[in-house]
Amino acid sequence: MDSASTERFEASRNRLASLAYRLLGSAADAEDAVQDAFLRWQAADRDLIAVPEAWLTKVVTHLCVDRLRSAQSRRERAVGAWLPEPLLENDPMLGPADTFEQRESVSLAVLILMERLSPVERAVYVLREVFSYRHAEVAEMLDISEAASQQHLHRARGRVATARRGGEVDPASARRIVEEFLAAAASGRTERLVALLTDDASAMSDGAGRTTTVLRYETRERVAVVARAALMPTPAKRRLVGGSPALHFALVNGGPALLAVLDDRVVGAVTFEIGDGKVAAMRGFADQARLVRLGEAWRTREPDAPLVAAW
């Protein structure tokens, strides 16, 4: 392949990766889809491709939809073993981020809710809401009618809307809430944590990769008990991670998070969803396979002082 064609593809790589991440919820799978698209670009008769960006978008979308429809993907996601792969702020896969809808589409709440959509509904939602393709273009990319595209979008919007909790929270306010929550957990008093949770608070955890299903907690009293247990240090936890990590505040998928960092390595993450000035949802990540890209990004940063220097 000539260098101009390679450069043409590379100019679209970040946009294609951000599309694939929204469709798949996994940075690793998104990278695989983009690489597969590159191989198809290499093999294609590019003289016959009138609009390369549209052609590449269609290829990546079909690769992702096929992956979502695959037997392995359905099996993995159906048994509840799936959580999105969290990404640190400014990761190219989180773009575009110019509008609230674009930023919202990579929130963990929306990525989890999009699991309820069919692969085609998910693709229509992302192409239309995030990348602003017209229904005629979406229909052509997905080989469906414009009417079907409009119907898929209507259903998708209805389901994704339940993730909205009153708009965005500024980082300073989010940090203050996380600091209060961490202090309440350290106090060991569950009632302090309950007061910082919304009435419908929930929590999820990947079980540090030692379970085959996602752990879920639904009442705020139960969430408070789990949060206290998770955020209070113990000798057993320190042995598990190999020492006493520092706890840093960070923004992950557009929302506040605590990162446990040991020797410049992210060993765990807890993300927070804020609603009405309280914690509405928590998600815990300790499976190292889910933290690879986030950890790589963290090592390129100059972090702020930790909230807790040695947990």
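A nonpolar core is taken here as a set of buried Ala, Val, Leu, Ile, Met, Phe, Trp, Tyr and Cys residues joined through side-chain atoms within 4.5 Å. Buried means under 20% relative accessible area, exposed over 50%, and partly exposed in between (1.4 Å probe, protein chains only). The model is predicted; local features need pLDDT of at least 70, side-chain atom pairs count only at pLDDT 80 or more, and totals for chains, interfaces and linings use all residues. Residues are numbered from 1 along each chain as its sequence is written, and side-chain values use heavy atoms, with hydrogens and water left out.

The largest nonpolar core has 49 residues. Within this core, Phe9, Tyr21, Met114 and Val126 touch the most other members. At least two residues of the core come from each of α1, α2 (27–43), α3 (52–69), α6 (108–113), α7 (119–130), α8 (135–142) and α9 (146–160). Helices here are DSSP runs of H or I with at least four residues, strands are runs of E with at least two, and both are numbered from the N terminus. Helix α1 gives the largest share, eight residues. Leaving aside residues up to four places away in sequence, Phe9 touches Leu16, Val34, Ala37, Phe38, Trp41 and Leu56. Contact means heavy atoms within 4.5 Å. A second, separate core holds 31 residues, including Ile177, Phe249, Ile274 and Val279.

Helix α1 spans residues 3–24 and contains Ser3. Ser3 is exposed, at 52% relative accessible area.

Six strands build an open sheet of mixed pairing, in the order β2-β1-β6-β5-β4-β3. The edges are β2 (215–217) and β3 (246–252); each has a single partner strand, so one side of each lacks a neighbour in the sheet. From one strand to the next, the twist averages 20°. Strands count as paired if DSSP finds at least two bridges between them. Strand β1 (residues 197–205) runs antiparallel to β2, and three bridges join the two. Ala203 stands opposite Tyr217 in β2.

Axes are lines fitted to C-alpha atoms, for helices over the stretch in contact, and angles run from 0 to 180 degrees between N-to-C directions.

The structure holds 19 salt bridges. Each is a side-chain nitrogen of Lys or Arg within 4 Å of a carboxyl oxygen of Asp or Glu. One of them joins Arg293 and Asp91, at 2.7 Å from N to O. Arg293 lies in helix α14 (residues 292–298) and Asp91 in the loop between α4 (71–78) and α5 (100–104), so the pair ties together parts 202 residues apart in sequence. Asp91 is buried, at 9% relative accessibility. Glu31, Asp91 and Arg293 are linked in a salt-bridge network.

Arg175 and Glu179 also meet in a salt bridge (3.2 Å, N to O). They sit four residues apart in helix α10 (residues 171–187), a separation of about one helical turn. Arg175 is partly exposed at 25%, and Glu179 is partly exposed at 34%. A further salt bridge joins Arg290 to Asp287, with the closest N and O atoms 3.6 Å apart. Arg290 is buried, at 13%, whereas Asp287 is partly exposed, at 21%.
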